Amino acid sequence: MNQDNYLEEAYKMRNVLQEFVRHPRDQTPTILGLREHIFTGSVSSLAGFMSYQETSFVTIGQRFLADPLRVRFHYGHPDIFDRMFHLTRGGISKASKTINLSEDVFAGYNSILRRGHITYNEYIQVGKGRDVGLNQISKFEAKVANGNSEQTLSRDIYRLARRFDFFRMLSCYFTTVGFYFNSLISVVGVYVFLYGQLYLVLSGLQSALLIKAHHQNMKSLETALASQSFLQLGLLTGLPMVMELGLEKGFRAALSDFILMQLQVASVFFTFSLGTKAHYYGRTILHGGAKYRPTGRKFVVFHASFTENYQLYSRSHFVKAFELIFLLIIYHLFRKSDGKFHVMVTYSTWFMAMTWLFAPFLFNPAGFAWHKIVDDWSDWNRWMMNQGGIGVQPEKSWESWWNAENAHLRYSVLSSRIIEVLLCLRFFVYQYGLVYHLKISHDNKNFLVYLLSWVVIISIVGLVKLVNCASRQLSSKHQLIFRFIKLLTFLAVVTSFILLSCLCKLSIMDLIVCCLAFIPTGWGLLLIVQVLRPKIEYYAIWEPIQVIAHAYDYGMGTLLFFPIAVLAWMPIISAIQTRVLFNRAFSRQLQIQPFIIGKTKRR
């Protein structure tokens, strides 16, 4: 099953089968685990990271799970099953392709629940190929995260926890669903920390606390934050990898390989992977909808278009990264602490946000090649402008993709929808806190100021509705009238800004703060409207909502595309990326590819 094998290893098969008969009756293995050799590590840096990660799991990890923890289950091939044991106890296959998405691990659960015994042997190994491209890896990790969220809700893991002793139960938790739950808590902790900092700076509490700490010469807060920020370097996550490489190759070689991985930006990959696990685990816990995601298991590394990357990572990484950046910018604008304290608190979060935004393009073959960037821009605009509808695939139109991306909300239960709405309310914190810091408000703390900010938002939605109706009714037959209406709308907006600047002292800084306040509010409203879609999609308000959602996605895509295009304009960036992140043979192919394309075009 998707395995390679070696002639010398095949001679050991008789010894492996003897494991079923040489143990006492109560310790006879029902699943016999074997070691894997990952042979795809030389394709690219990503393939190397996955190879090291998988090697540490299928060797030192499973060795420790089997003995002494006794919580090793079945994690896919190449395990050998006692056929008669499992056929007489319900079989291996499961009934539900949603709950039992990770079908292999449920076979291990069933074996342990029915008093089976799972062992692990390392004197025989078989070959195994892992995914080598970032999109393939992300789809695989999304599938595994979905499967773990369904395991969290399943009766199998509940029964195991009830029947294990305390220490074995904790071992089972931390080696199965606990790992993904901890990933989710880690990401949620970043948001809680930043929203707490946002509350402190916007309410004025940070200034008061720092003044008090300065008067009393208190340095404990800075010391605590400095120590935790040092640990956020993420170096400890590679410890199992270093230990396994040390046992296999020696610790000197392991240390050199670890340093090489850091030079190949391994920390960027693992930080991005953390976001993938947290998003899909959390969303499936809340709304369900786990599904199999085919990765193709291709050995070839190929260029993924900007449109494909945006479809795959928009909601899982890009939106969350922009939210982090908004929080960090507001914290930077209104903070009262000194520069050193500020850097120690926020540098790891900046690193996480930048990683979530640009890792798909950094690890994309020919991701900074100018001819690819030009093609990607044309493809992106075509995808954004194509009309969706029945029969139009998400890969062909933004509208179809947008509907498919939010389809899980249609089938959520009422409690999940309420939780989703409550989570969306966090975006209104920006608006409530920032409108009172506008110079135009003249330090007025009246609630009327907040209500006036909602009048501005309603006016923006009204203008979008006006332009949308004019476009639908006049753009085809009355072009002149339609352009005149757009001109009047533009002049009205400009006149409003001039009047506010002259009469109420509206400044450039006020406009920046308004953008920081109203853009998250608009996104929060869009998320709430998606939850309420079955109730309102047949009313007139739905069309301007779809136009605003289109504008948000187009804006996010353009902001992402601009720095990539700037870097692609410098040929040295593409050469460095190709040389550092891919092996020599593939790098040579990427370097000669533009000459082959040019020669083909001239013919």
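In which sense do β1 and β2 pair, parallel or antiparallel, and over how many bridges?

Analyst: The pairing of β1 with β2 is antiparallel and extends over two bridges; two strands count as paired if DSSP finds at least two bridges between them. This is a predicted model, in which local features need pLDDT of at least 70, side-chain atom pairs count only at pLDDT 80 or more, and totals for chains, interfaces and linings use all residues. Numbering starts from 1 along each chain as its sequence is written, and side-chain values use heavy atoms, leaving out hydrogens and water.

Strand β1 covers residues 31-38. Strands here are DSSP runs (E, at least two residues), as helices are (H or I, at least four residues), each numbered from the N terminus.

Strand β1 also pairs with β3, in the parallel sense and over eight bridges. H37 is set against G127 of β3.

Together these pairings form an open sheet of three strands, ordered β2-β1-β3, with mixed pairing. Its edge strands are β2 (80-81) and β3, each of which pairs on one side only. As a general rule, side chains in a regular strand alternate between the two faces of the sheet.

Burial can be considered next. Seven of the eight residues in β1 are buried (under 20% relative accessible area; exposed is over 50% and partly exposed in between, with a 1.4 Å probe and protein chains only), so β1 is largely enclosed by the rest of the structure. Strand β3 (residues 118-128), although an edge strand, is mostly covered, with eight of its eleven residues buried. For the protein of 603 residues, the buried share is 46%.

The protein has 28 helices and three strands. Contacts (heavy atoms within 4.5 Å) between residues at least 6 apart in sequence join residues at least 24 apart in 80% of cases. The protein exposes about 32,600 Å², an area computed by the Shrake-Rupley method with a 1.4 Å probe.

In summary, β1 lies between β2 and β3 in the strand order, pairing with β2 in the antiparallel sense and with β3 in the parallel sense.
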